[in-house]
Amino acid sequence: MEDKTLIADTHSILEAFIENGLHRRYPIYCQFPHCETLIEKHQYDESYDIEFNDGYRHYNEK
């Protein structure tokens, strides 16, 4: 992953990052608490690192 971190301030921005594959290349910080239904909605095939402002971190290091 690159040093740059993407900031998602809404659910729709987080979804756009994931749909465009940016979660594979950059860590993402969300300025909202995690939402289990939003996380379960997407497939995460490779490494990713998504952190929410409530401290929840969804990640996989390959």
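**Exercise 1. Determine which residue of E3 is the bridge partner of Ile28, and describe how the strands around E3 pair**.

Step 1. In E3, Ile28 has Ile50 as its bridge partner. The model is predicted; local features need pLDDT of at least 70, side-chain atom pairs count only at pLDDT 80 or more, and totals for chains, interfaces and linings use all residues. Residues are numbered from 1 along each chain as its sequence is written, and side-chain values use heavy atoms, with hydrogens and water left out.

Step 2. Strands (E, at least two residues) and helices (H or I, at least four) are DSSP runs numbered from the N terminus. Two strands pair if DSSP finds at least two bridges between them. E2 and E3 run parallel and are joined by 3 bridges.

Step 3. Ile50 also stands opposite His58 in E4. Strand E3 (residues 48-52) pairs with strand E4 (residues 57-60) in the antiparallel sense, over 4 bridges. Here Glu51 has Arg57 as its bridge partner in E4.

Step 4. E3 and E4 form a hairpin with 4 residues between them, and Gly55 in the turn has a positive phi of about 95°.

**Exercise 2. State the order of the strands in the sheet, and explain why one side of E1 and of E4 is left without a neighbour**.

Step 1. The sheet is open, has 4 strands in the order E1-E2-E3-E4, and shows mixed pairing.

Step 2. Strand E1 (6-8) and E4 stand at the edges; each has a single partner strand, so one side of each lacks a neighbour in the sheet.

Step 3. From one strand to the next, the twist averages 15°. Axes are lines fitted to C-alpha atoms, for helices over the stretch in contact, and angles run from 0 to 180 degrees between N-to-C directions.

Step 4. Helix H1 (residues 11-19) lies across E1, strand E2 (28-30) and E3, and runs at about 140° to E1. Contact means heavy atoms within 4.5 Å.

**Exercise 3. Identify the residues with the most contacts inside the largest nonpolar core**.

Step 1. A nonpolar core is a set of buried Ala, Val, Leu, Ile, Met, Phe, Trp, Tyr and Cys residues joined through side-chain atoms within 4.5 Å. Buried means under 20% relative accessible area, exposed over 50%, and partly exposed in between (1.4 Å probe, protein chains only).

Step 2. The largest core has 15 residues, and Ala8, Leu14, Ile28, Cys30, Phe32, Ile50 and Phe52 have the most contacts inside it.

Step 3. At least two residues of this core come from each of E1, H1, E2, helix H2 (36-40) and E3. In E3, 4 of the 5 residues are buried.

**Exercise 4. Find where confidence is lowest and where it is highest in the chain**.

Step 1. pLDDT is the predictor's confidence in each residue, from 0 to 100. Its mean over the chain is 89, and 97% of the residues reach 70 or more.

Step 2. Confidence is lowest in H2, at a mean of 84, and highest in E1, at 97.
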